[in-house]
Amino acid sequence: MNNLNLDLYKSLFLIRSAEEKIIQIYPHDEIKMPTHLAIGEEAIATGVCHALSSTDQIFGSYRNHGIYLAKTGETDDFFAELFGKKSGLSKGKAGSMHIMSPEHGVLGTSAIVASMIPVAVGAAFANRYKKNNRLVTVFFGDGAVDEGAFWESINFACLKKLPIIFVCEDNGYAIHSHISERHGYRSIVQVISRFNCHVLESESTDAEIIYKLTKKAIKLLSTSPKPVFMHLKYYRYLEHVGVNQDFNFGYRSKKEYEKWLKIDPVSLQRKKLVKSGCDEKIIQTIENNINKKIENSVRLARKKLLPAIDELYTDIFYE
Ligand SMILES: Cc1ncc(C[n+]2csc(CCOP(=O)(O)OP(=O)(O)O)c2C)c(N)n1
């Protein structure tokens, strides 16, 4: 048994378990906002964030629970935010789609597709200017590659050789549109390879492989300073937004899902632990402790206050 695999499993299980809790809560209207779950994506969030240092900065999309939990391990303020409570990460005003925590390096996530990519490039530019050795990683879906903001950002980052990792989390779909219905080129990787950056790719659901690939990305950035583009595949198990399966919608098949389920990132890592000799009881204790931590955070979130009515127009932009 090695500590890396145990740590990776803790993170994978935390993300899965937190989102499974959300599945239970969501139908009861306590979470008053659209919620995009990342079940199936945990190996990317875990593998990448685990390879970063605590002062490194990340940006993401609305499918952001995994990257927040992997970077911080924190659940109290997270659930309070989902419940719209004053003790939440952004006083309950940002919610699931805009999770952020600057003190943990989670600088921003957003519901506007690709919108964090230019902001992340700006942060990378600032870091290089300040010579603070901080690395920026921005997570986005294959749908974000359809946006002009993505192409302008990667062009500028490559031109200026900025310290940034672009993580394209490719689940093959933007809502219900398959990638083949959207892209006028054969492969994202082929096109990006023409830019002045490093390109890494993986189809693995093994967090250890993603972790090692990210470590390689960080090394490349220091030995040959220019951006890294990581193309990572995963499968979204649930509907685009919400907590149900959607295989009856007709845009994708259950067969496709079942293929990915066989290499589910959480069970894959668990099997690896058992195979390497880790005592099943140790794993169960870890799982029980994480489940208790989540239960406790939900219990606390329920007890917390909503923001007072006179806070309705504070901390927000309005005309
Ligand atoms: C600029 C913009 N255009 C369109 C939308 C509507 N929209 C919301 S999610 C989404 C699909 C994005 O897919 P992808 O980037 O692959 O992320 P995934 O949902 O698969 O994680 C679209 C088109 C939006 N939110 N923002």
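Biologist: Which residues are buried on the one side and on the other of strand 3?
Modeller: The model is predicted, with local features requiring pLDDT of at least 70 and side-chain atom pairs pLDDT 80 or more, while totals for chains, interfaces and linings use all residues. Residue numbers start from 1 along each chain as its sequence is written. Buried means 20 or more other C-beta atoms within 10 Å of a residue's own, exposed 12 or fewer, and partly exposed in between, with C-beta atoms placed from the backbone. Both faces of strand 3 are covered, one by Val 136, Val 138 and Phe 140, the other by Thr 137, Phe 139 and Gly 141.

Biologist: In what order do the strands of the open sheet stand?
Modeller: Strands (E, at least two residues) and helices (H or I, at least four) are DSSP runs numbered from the N terminus. Two strands pair if DSSP finds at least two bridges between them. The sheet is open, has six strands and shows parallel pairing, in the order 2-1-3-4-8-7.

Biologist: Why is one side of strand 2 and of strand 7 left without a neighbour in the sheet?
Modeller: Strand 2 covers 106-110 and strand 7 covers 198-202.

Biologist: Which residue of strand 4 is the bridge partner of Phe 140?
Modeller: Strand 3 (residues 136-141) runs parallel to strand 1 (residues 57-61), and three bridges join the two. On that side Val 136 is the partner of Gln 57, and Thr 137 stands opposite Ile 58. Strand 3 is also parallel to strand 4, with six bridges. There the partner of Phe 140 is Cys 168.

Biologist: At what angle does helix 8 run to strand 7?
Modeller: Angles run from 0 to 180 degrees between N-to-C directions, and axes are lines fitted to C-alpha atoms, for helices over the stretch in contact. Contact means C-beta atoms, placed from the backbone, within 7 Å. Helix 5 (residues 116-130) lies across strands 1, 2, 3 and 4, at about 170° to strand 3. Helix 8 (residues 207-223) touches strands 4, 7 and 8, and its angle to strand 7 is about 175°.

Biologist: How wide is the arc of the buried residues of helix 10?
Modeller: Helix 10 (residues 265-275) buries Pro 265, Val 266, Gln 269, Arg 270 and Leu 273. The arc is that of the directions from the helix axis to the C-beta atoms. These residues lie on the same side of helix 10 because their arc is only 135°.

Biologist: Which exposed residues does helix 10 carry on the face turned away from its buried side?
Modeller: The buried residues of helix 10 pack against helix 1, helix 2, helix 8 and helix 11. The face turned away from them carries the exposed Lys 271 and Lys 275.

Biologist: Which residues come nearest to the ligand?
Modeller: A residue is near a molecule if its C-beta atom, placed from the backbone, lies within 6 Å of it. The shell divides into eight nonpolar, five polar and two charged residues, where Ala, Val, Leu, Ile, Met, Phe, Trp, Tyr, Cys and Pro count as nonpolar, Asp, Glu, Lys and Arg as charged, and the others, including Gly, as polar. Of the 15 residues around the ligand, those that come nearest are Arg 63, Val 113, Gly 141, Gly 143 and Ala 174.

Notes
Two residues are in contact if their C-beta atoms, placed from the backbone, lie within 7 Å.
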